[in-house]
Amino acid sequence: MLPWGDRFEDFHDKIEISLEAFAHQFTGTWLFNYVEAMQRVGLAPVLFYVSARVASTVRFTHAPTGARVVVLPAPWVHRKLRGAQERYGRRSRQLTSIGSYVATPWFALGRELRRERCAVILCHEYEHPRFDVAVWLGALLRMPVFATFQGADGPGSAVEVPLRRLAMRKAAGFIIAAGIERRRVRESYGVPSAKIAATPNPFDTRRWAPGDRTSVRKALGITSAAVVVEWQGRVQMSRKGLDVLLDAWGTVCDNLDEQLMLLLVGTGRDNEALRRAIRDSRHSATIRWVDHYVLDRTLLWDYLSAADI
């Protein structure tokens, strides 16, 4: 399994998750639902990351799930290119795409795939340069490559377009829950329907059971009389629609004569933008923000149980 992003820290730094916390505590995001679903049917998924903070290959077992994790050091050329972009502010889409294509040490990855006896590659996002090169690596290793849809909406730049078209056609298959995205992939890339599985992100319905709302709200300090709308996730204003949510919340508050609460749970790179938006809202008194990434799934269930919507 190849998660999204050039480096481990590209995602996890934004939610303040270190490699150590990841190894021992982290179970958030859809990624580990995939891990657990695969384990349920007898597969043994291995997660492969790249990091600029390790000098040599690091291997460990993810404590909460038992999945193997392999962290490879970022290639020298990628580190230099990323450093130059950050130093001089030249974060052009074309240079970012090129940096992504050289972000993975493909020889080392191929060696580790063999070492871990992997039979299939699953990329968690096909609209990313890592997927393109994974398809060619898979061809060299005679290993089928599949990919999922997790939110990207097209190539990052013109640099990616020709390679993406080839990779999409050569990949073994895709897991795409959203109907509009399945249609886009068919029409934009000519991928036949037979190669696309309309499978939602996995979720363990047996584990989830709503808690007693009264007791949960009491524990969280939420009055039983409030109508609570909850959002949880990574704080990215436009990407996650938080700007739309806050606008809609203002309309709701203007039109309903009820005791209302908007409960936001999560953190991310747009924290300051969200903080300003809440402060500037005429209805800021009705908004409660839990500004950190909640590692405890039981607590996440409590927040969900406390909500009406």
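This is a predicted model: local features need pLDDT of at least 70, side-chain atom pairs count only at pLDDT 80 or more; totals for chains, interfaces and linings use all residues.
**The three-strand sheet**

The strands β8, β9 and β10 form an open sheet in that order, with parallel pairing. Because β8 and β10 stand at the edges and each has a single partner strand, one side of each is left without a neighbour in the sheet. From one strand to the next, the twist averages 15 degrees. On this sheet packs helix α13 (residues 297–306), which touches β8, β9 and β10 and whose direction makes about 145 degrees with that of β8.

The pairing of β8 (residues 227–232) with β9 is parallel and extends over six bridges, whereas four bridges join β9 (residues 260–265) to β10 (residues 287–290), again in parallel. From β9 the chain passes through helix α12 (residues 271–280) to reach β10, and this β-α-β crossover is right-handed. Individual bridge partners are set out below.

| Residue | Bridge partner | Strand of the partner |
|---|---|---|
| Val-227 | Leu-260 | β9 |
| Gln-232 | Val-265 | β9 |
| Val-265 | Val-290 | β10 |

Gln-236 lies in the loop between β8 and α11. Is this residue buried or exposed? Its relative accessibility is 4%, and Gln-236 therefore counts as buried, the cut-off for that class being under 20%. When neighbours within four places in sequence are left aside, Gln-236 is in contact with Gly-241, Leu-242, Arg-269 and Asp-270.

**The nonpolar cores**

The largest nonpolar core has 30 residues, and among these Leu-113, Phe-131 and Phe-174 touch the most other members. Two or more residues are given to this core by each of the strands β1 (46–51), β3 (68–73), β4 (121–123) and β5 (145–148), and likewise by each of the helices α6 (106–115), α7 (129–141), α8 (161–170) and α9 (179–189). Of these elements, α7 gives the most, with five residues.

The surroundings of Phe-174 can be followed residue by residue: apart from residues up to four places away in sequence, Phe-174 touches Tyr-126, Phe-131, Ala-147, Met-168, Val-191, Lys-195, Ile-196 and Ala-197. A second, separate core holds 24 residues, including Phe-11, Ile-15, Ala-21 and Tyr-49.

**The protein as a whole**

The protein has 13 helices and 10 strands, and of its 309 residues 48% count as buried. Its C-alpha trace spans about 65 × 45 × 45 Å along the principal axes. Among the contacts with a separation of 6 or more, residues 24 or more positions apart account for 70%.

Definitions and conventions:
Residues are numbered from 1 along each chain as its sequence is written. Side-chain values use heavy atoms; hydrogens and water are left out. Two strands pair if DSSP finds at least two bridges between them. A crossover is right-handed if, with the strands pointing away from the viewer, the path from the first strand over the helix to the second runs clockwise. A nonpolar core is a set of buried Ala, Val, Leu, Ile, Met, Phe, Trp, Tyr and Cys residues joined through side-chain atoms within 4.5 Å. Buried means under 20% relative accessible area, exposed over 50%, partly exposed in between (1.4 Å probe, protein chains only). Contact means heavy atoms within 4.5 Å. Axes are lines fitted to C-alpha atoms, for helices over the stretch in contact, and angles run from 0 to 180 degrees between N-to-C directions.
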